[in-house]
Amino acid sequence: MIEILVVEDEKPISDLICMSLQKAGYGCNPAMNGSEAADLLEENAYDLILLDVMLPQIDGFTLMDYIRPMGVPVIFITAKNSVADRVKGLRMGAEDYIVKPFEVQELLARVDVVLRRYHKLDAVLDVGGLHIDTLAMTVSRAGQPIALTKKEYDLLLLFVRNPGVALFRETIYRRVWNEEFPYGSRTVDLHIQRLRKKVGWEHRLLAVNKVGYRLEL
């Protein structure tokens with residue numbers, strides 16, 4: 001499932017956005033201030049961030065400096081409607097900018113455009129010599145099918161949709177197993193070892209010291 005972080009301090013707006021995203025089939029994680037958002041970004045991997053500019057504790061522009069190295073696309077959401085603010089947000093690396101008040105359908109359309117731009121919604125993915133059909137849930141190399149377990153397939157998709165991002169073991173476990181990471185567990189490492197061998201990514205799916213793993217393409 002596509003996971004979206006919604007950083008918005010006005011609860012009615014946050015609730016409306018999350019409800020709309022969930023109805024559209026997305027996972028949604030709300031944060032009510034910049035500090036909470038920073039904590040969530042350390043613990044989880046997201047496919048998209050909807051980011052308000054005027055936030056308590058850490059404002060959206062400051063938070064954007066923290067987000068940029070992660071390579072996660074950002075859509076700014078704010079009540080500010082001056083050209084200067086929009087230009088600043090886009091120059092800082094935001095993919096889009098939407099001004100409150102907005103129509104939910106417009107927001108969902110912009111979310112869809114950005115996710116497609118980052119190939120998050122592609123039904124067929126050709127990555128690192130692999131052909132991945134997300135509708136049929138099949139993986140092949142040079143026309144030869146590769147048999148993966150459900151967990152191995154989910155792991156593969158997680159890394160393919162977050163290339164170059166160092167993912168914590170705890171984050172990987174929560175996204176794939178949908179449970180809290182058991183302290184000291186080697187489950188993630190063992191599954192990734194098997195996945196590497198099956199898809200031939202011994203030199204692509206890299207261990208990151210004291211963190212977890214990163215897909216290098």
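Colleague: Which residues are linked with Glu8 in a network of salt bridges?
Modeller: Keep in mind that this is a predicted model. Side chains of opposite charge can pair when their charged atoms come close. Here such pairs join up into a network, and Glu8's partners in it are Glu10, Asp52 and Lys100.

Colleague: And how many salt bridges turn up in the whole structure?
Modeller: A pair counts if a side-chain nitrogen of Lys or Arg sits within 4 Å of a carboxyl oxygen of Asp or Glu. Searching the whole structure on that basis gives 18.

Colleague: What separates Arg116 and Asp112 along helix 5?
Modeller: These two form a salt bridge, with the closest N and O atoms 3.0 Å apart. Arg116 is partly exposed at 44% relative accessible area, and Asp112 is partly exposed too, at 24%. Both belong to helix 5, residues 104-117, and because they are four residues apart there, the separation is about one helical turn.

Colleague: How many residues apart in sequence are the parts that Glu152 and Arg194 tie together?
Modeller: Glu152 and Arg194 form a salt bridge whose closest N and O atoms are 3.6 Å apart. Glu152 is in helix 6 and Arg194 is in helix 8 (residues 187-199), so the parts being tied together are 42 residues apart.

Colleague: What about Glu180, buried or exposed?
Modeller: Glu180 forms a salt bridge with Arg174, and the closest N and O atoms are 3.6 Å apart. A residue needs over 50% relative accessible area to count as exposed. Glu180 has 60%, so the label is exposed.

Colleague: Arg161 has no salt bridge, so which side chain of opposite charge is nearest?
Modeller: Arg161 sits in the loop between helix 6 and strand 10, and it is buried. Leaving out residues up to four places away in sequence, Arg161 touches Ile2, Asp47, Lys120, Asp122 and Thr134. A salt bridge would need the charged atoms within 4 Å. The nearest opposite charge is 6.1 Å away, and that side chain is Asp47.

Colleague: How much space lies in the largest pocket?
Modeller: Rolling a probe the size of a water molecule over the atoms shows where empty space is left. For the largest pocket, that space is about 530 Å³.

Colleague: Which residues are closest to the centre of the largest pocket?
Modeller: The pocket is lined by 24 residues. By class they split into 10 nonpolar, five polar and nine charged. Closest to the centre are Met1, Glu3, Arg175, Val176 and Asn178.

Colleague: And which element gives the most to the lining of the largest pocket?
Modeller: Strand 2 (27-31), helix 6 (150-160) and helix 7 (169-177) each bring at least two lining residues. The top contributor, with five residues, is helix 6.

Note on methods: Residues numbered from 1 in each chain as written. Predicted model: local features only at pLDDT ≥ 70, side-chain atom pairs only at ≥ 80, totals over all residues. Heavy atoms only, no water. 1 Å grid on protein atoms, 1.4 Å probe; cavity = no way out; pocket = protein on both sides within 12 Å on 5 of 7 lines; lining within 4 Å. Points joined across faces, edges and corners; volume = space filled by probe spheres on them. Nonpolar A, V, L, I, M, F, W, Y, C, P; charged D, E, K, R; others polar. Buried < 20%, exposed > 50% of the residue type's maximum accessible area, 1.4 Å probe, protein only. Lys, Arg positive; Asp, Glu negative; His and termini not counted. Contact = heavy atoms within 4.5 Å.
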